[in-house]
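Reader: I would like to learn how to read salt bridges in a model of this kind. Could you take me through the general idea and then the case at hand?

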Amino acid sequence: MADERRISSELFSLVKPTCVELSQVSSLPPADLNEKSPLLIQHLQTLCNQLDQHKNRYDKHEYVLSSKIADYIFFPLTNMLKQPTLDPDATKHVLHIIAFLLENSWMHQINEALLDQLSPIIVFLCRGTSSEPDKASVSTLSLQFKQEVVLCLNSLVHCFPRTYYTGDTQRRLSILGDITTILLDILGNIPQPLDQEKNELADNVITCLTWLYSVRVTSEQTSFVFPGVISKMVNFVVTSKNLHANTLQTVFQLLQTFIIKVFSDSSLDASVLDSSPNIADLSSLKALYDEKPDNTDSANSEQLVSIKISTPESSHRTKSWLSATSRQLKIALITLFRHILIKRGGIRDKIVSHEKLQDALFLFIKEINAQCSQSLFANIIITSIDFTSLLIHCISKNHDTNEILLRKGTELFIVGSASYLTLLHKVLTQKTDDLISSQLDRILLSADDDKIGLTLVSIQLHLQLLDRLSARIGITSSGSEPRLRAVQKLYQGILSKERSLEFSTDGKRRTASGINGPADTIGDVSEESQNTLDSVVLPSHINARSVKKFSAPNTAPLQNRETNLALLLRTSVSMNKMEDAAEIRSFSSSFTTSVYDAFQNFVNFIGASSEDITSLIDNLSLEDDGSIKSKGVFLWLSNHLLMSSRAKREAADISDFITFSDDLENNSEEEEAGYLILDYARTIFDEALDARKQWLTPDIKGHQGSDEMSYAIALQSLGSLSKVLSKRDFESDVLMDNLYLLLEAMTQGPNSIVHHSAKKALFSITKEYYEGSLQKLIEANSDYLIDSLSLKLSVMSDLTPSLPGIMLLVLKISGADLVKSNQLTDILSEVFLAIDSFHGYSVLVENFFLVFQEVIALIKKMYSKELLDHNKLKSSTEVSPFKPWGMRSRNQFVEIIDEKNRQADPFSDYDPEKEYFKRKPGVPFGDQDSDDDSDDDQSNTPTKDEDKPWPSPIPKETYNLVLQIFKYGLQLLTHPSIKLRLTIFETLKDAYIMVASNYDQLMPVMAEFWPIIMAKLSGTSTISDWEHRDAEFRQLMEPAIEFANVVFEEDSKHGSFMSRRFLDTWEFLSKKGPFFQTKADTGKSKAVISTSVAPSVRLAYVKLFVTALNNYERQIPHQTAIEIARVF
């Protein structure tokens, strides 16, 4: 009380001068007051500012004024209210002052007589005090004026006691109607689009209405304004642009308040009775996505259910009123939910991103079901299940969130007595049957992604709700039968869409109705009146339906087998990044990404909620018509059903008990279903044998069809089986026959769906059984994998271009371990035999040389340190004694002339006791050197090679393997395929440093094939055909020169034995080389490189000559060196 006096006294001292001046001005006659209107507005504004500033000094809960100070401040306003007209700006300030007094003084000392006097005054002021009552409308006034109106009405409403509208209150109800009309007019006339200020105004209007009708007005009274308020709210949401999420949340709070107020079961004493075997309004979901819903179905559904209400005779809320009003409410809610959840962009995006708004929608549906389940059963409750389905469809992001939202949506409807839940169960059973039997197959042919997704989510919600209701009321669930029918319908829908694409010859997506459209069209195609194209609104003079879309021709080059293997050679094979890889989306040519995700979520739900997954998959197999496409669709469905069932069981097992083994106990039913899936996968592998050869053959166009998709799904099935079968069973029944197929699929291009499917399957297998290591997988199954490779190499029909790719893949995975084993030697022996027999097939041989490159790279990596350490490279030539012409350095010369190294006595090293030669008994001394027994002596005497240690750091067997590859490469340099020879030169360059580690064995090989190399680096086919020029041989010049450069660089470490070969090469190039020409220079002729030679080849020649001059400086005659230098 003391605070009230103190605050009131402070305020009195502050506003007294202003109130005195305001009283003087407001008491003037009307004519004089009009002239003083600006002064009046100034005083009013000053008073408003003083009031607000004073209030801001205190906490709002502590700020209470006495009624005396309120009467004092209000007194000057009474003079203005006597005036016939009042300026809108002045009226605005008057409303602000009244709102201040109501909120801070009169609210704390409620006086109904004062409220009865103030209410009509405030209503009059809110209408703008126009001199013409017919034209009085708040909609024509400024936004600031509307804000003051709402502020004042909100303060007035908060002053009404709870019993204000009880009893004989005709006059008060009239004012209530005026207040409601003013607020609705303001809401309907807020300028668009809405900004922050306008959204706050709308939010205040709706909050005021909610407060007014929540507890102060009876249900009967509220029912009179109910249709108008609901209509205004829905129209406001539909017509508003840039509606804020908080404002939309407030709208649903108002709708919830009004619906519960008018239709609550307690106020109507309502109960619903089962009067017919067919109750449900089966068209409620269809009404959501149809442009013009048919309302006759709602009327028919009402005739199938009996709702009993008990209201006083004087009440106008009769049974007919309930039927008509609830039907209109259903239409309004359908319109509202269609606008906020189906129309893309705008409000839908806000709902997806605002969790509080999502919770508000769930709460709205929950409260309606909890308090109006009996009265609104026929029209709203069943339809609200579809509202929930639509909400889940919009905000669901993946399977996990979809499952959480389904549980949340289900709990909204598990309320009420057992009899009510039994009736609801019966209705939902019929509605679910209609959704699956009558609507699902038709919806799957639609081009609207939202229709497909909404229908599938709705079926999921209905099935889960049926299961919960069955458990709640204690009856046996019959969910397996509708689940099977739903999956069968999905099976048929996917298969029919896949087959419809076969008849499309223009590459466009063909819908079930025969209309071509883009594959990723999203939106409601029925909204033709919007004249949109790709979500862009076109001007009125352009008809969107007449615009044709053209697809750009696919100019991307095909990736053939050689390109794939070359790419595989340069990349590493690892499973580390596979877990983060993009999801493999099957049927991408038939369905969009959103539809595929909807299918996947639906099938995962069916699998996770099915009690007998084996029976479900077994019955689903009966839909198979024998084609590869049909089997592929069956496998896709079965994989997801089995994996989701397995994941659900694992989650339950982990939460129920602790397991002490690495793997959970395998379920026999899941194993049975797994073997059924394996049988179908094997059938696809067998039937797709010929087609697979086409996919694995270069330059085959148009192979991205449904058969390849089915093959890819079959590969994915192998990965799924790893989670179902034990390791022993999986290795014996699955891997033994199909590991080769998985590796073969990995050799396809990285963008191929077969490649991705195989990689995903291998990732699942390695993660389940081999600690995520491909190397361990290959090691554990190497025996029958090597046997498969050997068998394929020995059978001519199996020598496909993919075979080298598999070998390359195995090498990339196993690495050095396979090189060290004898298995690699055995396989490469088969490869050499295949090359001998089929060297005319350039593609096959080229791919084998890509394998050789990997073998050489692995060996070089194993012995790189030894090969680069020159101290461990044993020279193949003996060190010659120092002679003047053999010296290479000054130190050698100093050493030979050193006195301590001079031998004074030539026989000083003679040992008289040593037998230097063996005399043959009975043979004259002159005949001791005869060759009669030379063979015997040679056989008894160890050979020089046997005494000589192995010079190479590479083991002999491994060296011989590399040397054999090297020889095969040199032999095939005469092959007609340019591409093969380019690959061979790459292999030769990589292998040379290793074969040069044993120079004795290498030199005879180089001497034999040097003429061929010399011909290639000169640009001719042979050295005898030196006058012939062919453009194809120019492609081989640069790699041949680079290889020769490697040879000469390495030769400098081994005594320069190739110097003679270089001189022969120079002589051939300078005199007979087709790309060298003689040019006169200062009276002398010189050989120069022709200008027709490419710059890169010219540069390669220069490097070659510089290397040779540096290495063979003393072996090249001076005149020849000058001639070589002139080439530059």
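Author: Let us start with E854, which counts as buried at 9% relative accessibility, where buried means under 20% relative accessible area, exposed over 50% and partly exposed in between (1.4 Å probe, protein chains only). This is a predicted model, in which local features need pLDDT of at least 70 and side-chain atom pairs count only at pLDDT 80 or more, while totals for chains, interfaces and linings use all residues. Residues are numbered from 1 along each chain as its sequence is written, and side-chain values use heavy atoms, with hydrogens and water left out.

Reader: Which residue forms a salt bridge with E854?

Author: A salt bridge is a side-chain nitrogen of Lys or Arg within 4 Å of a carboxyl oxygen of Asp or Glu. The partner of E854 is K812, with the closest N and O atoms 3.9 Å apart. This pair links distant parts of the chain, since K812 lies in helix α34 (residues 802-814) and E854 in helix α37 (residues 842-862), 42 residues apart; helices (H or I, at least four residues) and strands (E, at least two) are DSSP runs, numbered from the N terminus.

Reader: How many salt bridges does the rule give?

Author: The count comes to 30 salt bridges. One of them joins E10 and R6, whose closest N and O atoms are 3.5 Å apart. These two residues are four apart in helix α1 (residues 2-26), so about one helical turn separates them.

Reader: Is E10 buried or partly exposed?

Author: E10 is partly exposed at 30% relative accessibility, and R6 is partly exposed at 38%. D3, R6 and E10 are linked in a network of salt bridges.
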